[in-house]
Amino acid sequence: MNKVLMSGNNIIAEAAIRAGCRFYAGYPITPQNELTEYMAEHMRRADAGVFIQSESEIAAINMIAGASAAGVRVMTSSSSPGISLKQEGISSMAACELPGIIVNIMRGGPGLGNILPAQGDYFQATRGGGHGDYRTIVYGPGTCQELADLTMDAFDLADKYRTPVMILADGMMGQMMEPVIFKKPKPRQYSEKFMLRGAGTGKSKFIRGLLLDPIDSEEHNWKLARKYDVITKNETLHEEHNIEDAQLVIVAYGTAARIAKGAIKRLRDQGMKVGLFRPITLWPFPELKLRALSAKIKNFLVFEMSTGQMLDDVRLALQGYANIEFHGRPGGAVPTPAELANVIARLCDKND
Amino acid sequence: MIVKTIFSGFGGQGVLMMGVSLANSAMNKGYHVTYLPAYGAEMRGGTANCTVALGDEEIASPVASEPNYLIVMNAPSLFSFQNRVTSEGVIFLNSSIIKDRPNRKDVKVFCIPCTDIAQELGNSRVANIIMMGAFIKKSGVVSPDIYLKSLESIMGSKKKSLAEVNRKAFATGFDYVKE
């Protein structure tokens with residue numbers, strides 16, 4: 001398989017089509033327009049592929065819910081304000097146990113904010129976003145290669161657990177081009193019994209999220225909770241970089257983690273032992289892996305392009321066993337590795 | 001080794017194409033590479049820019065706070081970016097359009113009248129490829145062969161004659177800057 005140079009947005013779309021996505025609905029918004037555009041052009045080369053530019057983000061999420069119920073692999077994408085609009089639909093898909101992929105190429109917020117890269121949607125993505133007791137699996141890819149690999153994996157996980165999966169990247173990941181190799185997707189494993197394809201002569205099937213009986217509803221909530229426990233146990237992913245001898249560990253994901261790697265290189269050149277812990281699944285958060293590090297590492301710095309959201313998960317993971325500092329640049333400001341290195345150098349001085 | 005380059009100019013001068021072609025060449029040479037365009041609410045006649053980072057190690061940030069090379073195709077770009085260039089860095093400027101010169105003494109400057117040369121070649125749209133010829137020769141980040149092959153593969157199915165025009169433009173820019 002040859003390497004190709006593609007933008008993050010195009011990579012997600014191409015990986016989705018290769019993974020067997022056959023229904024995409026979306027509404028344009030910067031900085032993810034190229035994803036929708038790529039789908040418009042390339043979905044037709046897929047057998048029975050459907051592309052719809054919907055009349056709104058809300059329509060798009062409900063269209064993919066419908067197509068998912070009918071049994072095809074589905075995707076929608078948007079950027080921050082558009083993802084807010086989709087929340088009712090995501091909650092509904094979680095309730096109905098419908099697999100589907102939602103891509104959020106985050107921009108500066110709150111409100112309409114701006115079109116620059118930011119990480120302000122972490123809470124929304126990892127806490128459920130919509131109403132009710134549910135979770136979505138959330139991937140926070142850090143390279144264009146991961147965008148390709150995790151997009152394919154997202155479809156498999158969505159089917160395996162019958163739940164919506166979110167890919168949480170930002171404007172920089174969406175716009176940036178890097179060489180990528182597309183892996184061979186796994187064959188789909190999804191039982192026909194979950195698909196609504198007309199009862200024919202068989203028993204009619206029913207998919208619904210409205211459960212008026214409180215006992216039924218409670219049972220359904222616990223069933224979902226048990227599923228989320230299994231996901232938490234089995235599906236966390238993270239990367240450790242230069243951890244072995246580290247005296248301080250940066251916790252960062254996505255674009256922020258890339259910047260952190262640049263900062264670490266500078267700091268190590270100056271003799272400062274700094275490492276990186278990069279969650280790849282943001283929900284489930286790799287809590288136990290991070291806590292294990294606190295046995296030998298006592299200083300952590302959470303670095304996000306927000307005012308501090310993943311910071312909460314790091315606090316919950318470390319449970320007071322280590323010191324936690326924070327550096328954030330919200331609203332579309334992209335810090336440089338040099339800036340982060342300076343922040344950390346000052347911290348190291350303080351800790352000495 | 002990581003080398004970062006910023007390309008900047010008017011929308012329509014093929015500035016993003018310069019970056020994409022370099023990024024593809026770097027990939028074909030086996031380098032790690034990132035390409036990052038400025039995106040968003042741009043308008044006709046406004047400025048466009050992109051950043052290419054390439055090297056033999058993993059590239060952390062695709063942003064260039066201190067680029068090694070700066071290619072400016074119009075005057076506003078020179079003013080925007082000249083102070084970002086690292087000390088001992090190199091600026092390539094389109095002297096057909098830019099009358100000013102960088103006010104820094106710690107950078108090397110190559111003035112290439114690429115718009116004029118393009119018009120002499122009979123196609124004003126190849127000014128960017130002429131500039132790339134000069135850039136590839138002086139920077140040496142990839143070989144001319146790899147660059148031209150990569151350029152042709154990006155242009156793909158477009159007219160064959162275009163490849164010839166680009167080759168000629170590239171050679172002219174390459175030869176314009178002396179050893």
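The largest cavity has a volume of about 80 Å³. This is a predicted model, where local features need pLDDT of at least 70, side-chain atom pairs count only at pLDDT 80 or more, and totals for chains, interfaces and linings use all residues. Residues are numbered from 1 along each chain as its sequence is written, chains are lettered from A in the order in which they are written, and side-chain values use heavy atoms, without hydrogens or water.

**Overview**
- Three cavities reach 30 Å³ or more.
- A cavity is a set of points, on a 1 Å grid over the protein atoms alone, where a 1.4 Å probe fits but cannot get out; lining residues have an atom within 4 Å of a point.
- Points are joined across faces, edges and corners, and the volume is the space filled by probe spheres set on them.

**Largest cavity**
- From chain A, the lining includes Gly142(A), Thr143(A), Glu239(A), Gly254(A), Ala257(A), Arg258(A), Lys261(A) and Arg278(A).
- Chain B supplies Glu58(B), Ile59(B) and Ala60(B).
- Helix α10 (residues 254–269) of chain A gives the most, four residues; helices (H or I, at least four residues) and strands (E, at least two) are DSSP runs, numbered from the N terminus.
- The lining has three nonpolar, three polar and five charged residues.
- Ala, Val, Leu, Ile, Met, Phe, Trp, Tyr, Cys and Pro count as nonpolar, Asp, Glu, Lys and Arg as charged, and the others, Gly among them, as polar.

**Second largest cavity**
- Its volume is about 40 Å³.
- Among its lining residues are Phe155(A), Asp159(A) and Arg188(A).
- α7(A) gives the most to this lining, with three residues.
- Six lining residues are nonpolar, one is polar and three are charged.

Notes:
On a 1 Å grid over the protein atoms alone, a cavity is a set of points where a 1.4 Å probe fits but cannot get out, and a pocket is an open set with protein on both sides within 12 Å along at least five of seven lines; lining residues have an atom within 4 Å of a point.
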